[in-house]
Amino acid sequence: MGVWQLLMVGLVMLLGLLGVLIPGVPGSWLMWAAVAWWALQDTSALAWWLLVGSTVLLLVTQGVVWHLPPRRLRGVGVTRRMVAYAGVGALLGFVVVPVAGAVPGYVGGIYLAERLRLGGHGPAMASTRTVMREIGTSVLVELFACLVIVAAWLGAVFGA
């Protein structure tokens, strides 16, 4: 697989990560499509195992998200800035403390956005709890699964 095709697969994965954060965009499906595209082009055993693993992970993730409370965006106060902070926090946490850092990074990003918006620690904590209870947990589960797939893909591409 050429460099340009790998860049395109990486771009679709990035769009998938953004799609998890943006309501209405099928982020998990974009992530799976990128892995499938890569596995169909690079027909090694590692590529096929990564496709199978990502398929299973995304199916399990969808089952977990289905059992969580439904996302209710109205009345929670979710802003674009909060979504951006949460996404960047999850990505930075994922890089700084591999894999496990995505969770505190995501929650920390929501807290930081709310702290800047509301000004104090108490109101920011209350708002962060409300956001995590209403939509944050389901988004976090889906985002974490997609970050694991991206990390596995990067390991397969650059490790091979």
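Before you start: residues are numbered from 1 along each chain as its sequence is written, and side-chain values use heavy atoms, with hydrogens and water left out. Since the model is predicted, local features need pLDDT of at least 70 and side-chain atom pairs count only at pLDDT 80 or more, while totals for chains, interfaces and linings use all residues.

**Exercise 1. Describe how helix α4 packs against helix α5.**

Step 1: Find the two helices. Look for α4 at residues 80-96 and α5 at residues 102-118. (Helices are DSSP runs of H or I with at least four residues, numbered from the N terminus.)

Step 2: Get the geometry. The angle is about 145° and the axes are 7 Å apart. (Axes are lines fitted to C-alpha atoms over the stretch in contact, and angles run from 0 to 180 degrees between N-to-C directions.)

Step 3: See who touches. On the α4 side you'll find, among them, Tyr85, Gly89 and Phe94, and α5 brings residues including Gly105, Ile110 and Glu114. (Contact means heavy atoms within 4.5 Å.)

Step 4: Sort the contact residues. They split into 11 nonpolar, four polar and two charged. (Ala, Val, Leu, Ile, Met, Phe, Trp, Tyr, Cys and Pro count as nonpolar; Asp, Glu, Lys and Arg as charged; the others, Gly among them, as polar.)

**Exercise 2. Decide for Glu114, Leu147 and His121: buried, partly exposed or exposed?**

Step 1: Buried is under 20% relative accessible area, exposed is over 50%, and partly exposed sits in between (1.4 Å probe, protein chains only).

Step 2: Take Glu114, which lies in α5. Its relative accessibility is 1%, so Glu114 is buried.

Step 3: Move on to Leu147 in α6, residues 121-159. Leu147 is buried because its relative accessible area is 4%.

Step 4: Finish with His121, also placed in α6. At 46%, His121 comes out as partly exposed.

**Exercise 3. List the contacts of these three residues, skipping neighbours up to four places away in sequence.**

Step 1: Glu114 is in contact with Met82, Gly119, Ala124, Ser127 and Thr128.

Step 2: For Leu147, the list reads Leu17, Ala90, Leu91, Phe94 and Ala102.

Step 3: His121 touches Tyr111 and Arg115.
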